[in-house]
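Reader: I'm new to this one, so could you walk me through how its pieces fit together?

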Amino acid sequence: MVSPPFRSCVACRTSRPKRELIRVHLVPGGRLDVDLGGGSGRGAYVCPRHACLDQAVKRDEFARCLKVTLAPITVEALEGLIRERVSRKVAALLGLARRARKVASGTEAVESAVKHHSARLILSAADASANSVAKLRSLAAQVDVRWMQALGKEELGAALGGAPRACVAVTDPHFAGAVMSVLEKIPVKMETREAAGQATDLGGRAEPRKVWG
């Protein structure tokens, strides 16, 4: 079995599988861009944690690793760039899943997928109503299915080629895993991620954090 490639975070120096890190690289104009897929060529890798991104920016680690002079960037701008790329990637994955008939969208379809044990991941729109979010979180926890929030209702609908949607169930384990892996790239503070892990241990696999929106 081939081991996955590892890279070290430029901030905390921890070695992790390449797929778990954010790759930062140079684009024309001396600006930074991010790559969620690993990419190729010269790049610097950083953990998707606010603390690591903050330290990397403050210590100018990206310029040092890439051996270039960079246009100034704030940690907020870098996190915004990552969120934008994550949003695009999630929308693209949901579009592929729709074409493969591996998603159910809308409250009734999602509840039916859960009832028939075909849901592998439940997504609520970031701007879904509090009642809808609470209901789906509870439902996901009852059947031990991961629940997360991603995109807005209009973005979810656009990803599926239709009207705005408040929720989606991904019914294929490979697509579900890919979407979850991308959403884990959303920068969060360590205490938030740890709290999410504790809640997961105590309450099944429902993911309590709001990833964005």
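Reader: What should the 25 residues of α3 span at 1.5 Å a residue, and how far apart are its end C-alpha atoms?
Author: This is a predicted model, where local features need pLDDT of at least 70, side-chain atom pairs count only at pLDDT 80 or more, and totals for chains, interfaces and linings use all residues. Residues are numbered from 1 along each chain as its sequence is written, and side-chain values use heavy atoms, leaving out hydrogens and water. Helices (H or I, at least four residues) and strands (E, at least two) are DSSP runs numbered from the N terminus, and a helix's expected span is 1.5 Å times one less than its number of residues. For α3 that should give 36 Å, and its end C-alpha atoms agree, being apart by 36 Å.

Reader: How do α3 and α7 run relative to each other?
Author: Axes here are lines fitted to C-alpha atoms, for helices over the stretch in contact, with angles from 0 to 180 degrees between N-to-C directions. The axes of α3 and α7 (residues 173-183) come within 9 Å and cross at roughly 175 degrees. Angles under 35 degrees count as roughly parallel, over 145 as roughly antiparallel, 65 to 115 as roughly perpendicular and the rest as oblique. The two helices are therefore roughly antiparallel.

Reader: Which word describes how α1 lies against α3?
Author: The axes of α1 (residues 50-58) and α3 (residues 75-99) come within 9 Å and cross at roughly 130 degrees. H50, L53, D54 and V57 of α1 meet V75, L78, E79 and I82 of α3. That angle makes α1 oblique to α3.

Reader: In what order do the strands of the open sheet come?
Author: Two strands pair if DSSP finds at least two bridges between them. β3 (residues 22-27) and β4 pair over five bridges in the antiparallel sense, while β4 (31-35) and β5 (44-46) are the edge strands. The order is β4-β3-β5.

Reader: Which strands of the sheet does α3 touch?
Author: α3 packs on the sheet, its direction making about 40 degrees with that of β4. The strands it touches are β3 and β4.

Methods. Contact = heavy atoms within 4.5 Å.
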